[in-house]
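Q: I am new to this structure and would like to learn how its features are read. May we go through them in turn?
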Amino acid sequence: MGPNLLRNFSALKNCRVKYVVDASAERRAFVSANFPRTTAVENHEAVLADPEIDAMVIATPAGTHFELARAAILAGKHVFVEKPMATKAAEVDELARLAAEKKLVVMVGHTFIYNAAVRYVKKLIEAGDLGEIRYIYSQRLNLGRIRSDIDALWNFAPHDISIIQYWLGDPVPLSVSRRGMAYMQDGIDDVVFLSLTYPGKNHGEHPRELAGPAKSAQDDRRRLEKMVVYDDVADDKIAIYDKGIDRRAVLARTWTSIIRAHRNSIIAAVTSCCRR
């Protein structure tokens, strides 16, 4: 994300990218050749010490995010950090506390909550067009480069979780469970299944499965009114299925009645087929 962030911040009228910090001499040469107004340096200490710098953008390996963001805040800089903000909840809390004390902004790159399609679904939810949300199922696949610093969960799940939190009003999950498998690199899961269970809209004792490999067991008496599908890679990113699903118990009774009413015809048809 570093080159993308550099390009976009450099294009802002009210923003000047004074420094780019990169340990790679090749990358520093690229910056010098393509962004002449920006100075490429090897160490971030000069950036922290420069009083002209208002904010720092951090797009480094995930394991370095916390320490770099903390150092920037302590130096009096606003911070934009790529996801994940940190790899421990306590570290995120620490960054939030320091930023509040110094009246600074610390922001994580949850870009999808600014996506027009994601915001459209948010409006549908708030307007009640989708009824009460029963569950959200998310799937994110990538056959590209496998990272060696973080697993598939840390690489992709922050986006989906940020979308879910945004849609639902930032609730606190009742429980979180994960199951992962490492096939390509030992100790780094490249396949991960994550489940978040949230409290119900009105009753905390009725959790709903909101993200995971499959829908959890639900009350058979419930009715699904609508379903919305958001596919970021499709041309039509939002599809709404406005078709209810009958209650299972009622459906079962309906089929029982049909079978009883046409039992002789069904038996006759089966007998005919067997004779053939």
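A: Let us begin with a residue and its surroundings. This is a predicted model. Leaving aside neighbours within four places in sequence, Asp-50 is in contact with Lys-18, Tyr-19 and Lys-77.

Q: Where is Asp-50 placed, and is Asp-50 buried or exposed?
A: Asp-50 sits in the loop between α3 (45–49) and β3. Its relative accessibility is 10%, so Asp-50 counts as buried, the cut-off being under 20%.

Q: How many bridges join β3 to β4?
A: There are 4 bridges between β3 and β4 (residues 78–81), and these strands run parallel.

Q: What describes two packed helices?
A: Two packed helices are described by the angle between their axes and the distance between the axes. In this model, the axes of α6 (residues 116–126) and α7 (residues 152–168) come within 9 Å and cross at roughly 30°. Angles under 35 degrees count as roughly parallel, and α6 and α7 are therefore roughly parallel to each other. The crossing of α6 past α7 is right-handed.

Q: Which residues make the contact of α6 with α7?
A: From α6 come Val-118, Arg-119, Val-121, Lys-122 and Ile-125, while α7 contributes Ile-163, Tyr-166 and Trp-167. By class, the residues of this contact are 6 nonpolar, no polar and 2 charged.

Q: What is to be read from the backbone angles?
A: Omega and phi are considered separately. The peptide bond that joins Lys-83 and Pro-84 is cis, with omega about -5°. Pro-84 belongs to the loop between β4 and α5 (89–102). As for phi, Lys-103 has a value near 55°, which is positive in a residue other than glycine. Asp-170 also has a positive phi, near 60°, and is likewise a residue other than glycine.

Q: Where do Lys-103 and Asp-170 lie, and is each buried or exposed?
A: Lys-103 is in the loop between α5 and β5; with a relative accessible area of 75%, Lys-103 is exposed. Asp-170 lies in the loop between α7 and β6 (175–181), and at 55% relative accessibility Asp-170 counts as exposed.

Technical notes:
Residues are numbered from 1 along each chain as its sequence is written. This is a predicted model: local features need pLDDT of at least 70, side-chain atom pairs count only at pLDDT 80 or more; totals for chains, interfaces and linings use all residues. Side-chain values use heavy atoms; hydrogens and water are left out. Two strands pair if DSSP finds at least two bridges between them. Helices (H or I, at least four residues) and strands (E, at least two) are DSSP runs, numbered from the N terminus. Axes are lines fitted to C-alpha atoms, for helices over the stretch in contact, and angles run from 0 to 180 degrees between N-to-C directions. Angles under 35 degrees count as roughly parallel, over 145 as roughly antiparallel, 65 to 115 as roughly perpendicular and the rest as oblique. A crossing is left-handed if the near helix is turned anticlockwise from the far one by less than a right angle, and right-handed if clockwise. Contact means heavy atoms within 4.5 Å. Ala, Val, Leu, Ile, Met, Phe, Trp, Tyr, Cys and Pro count as nonpolar, Asp, Glu, Lys and Arg as charged, and the others, Gly among them, as polar. Buried means under 20% relative accessible area, exposed over 50%, partly exposed in between (1.4 Å probe, protein chains only).
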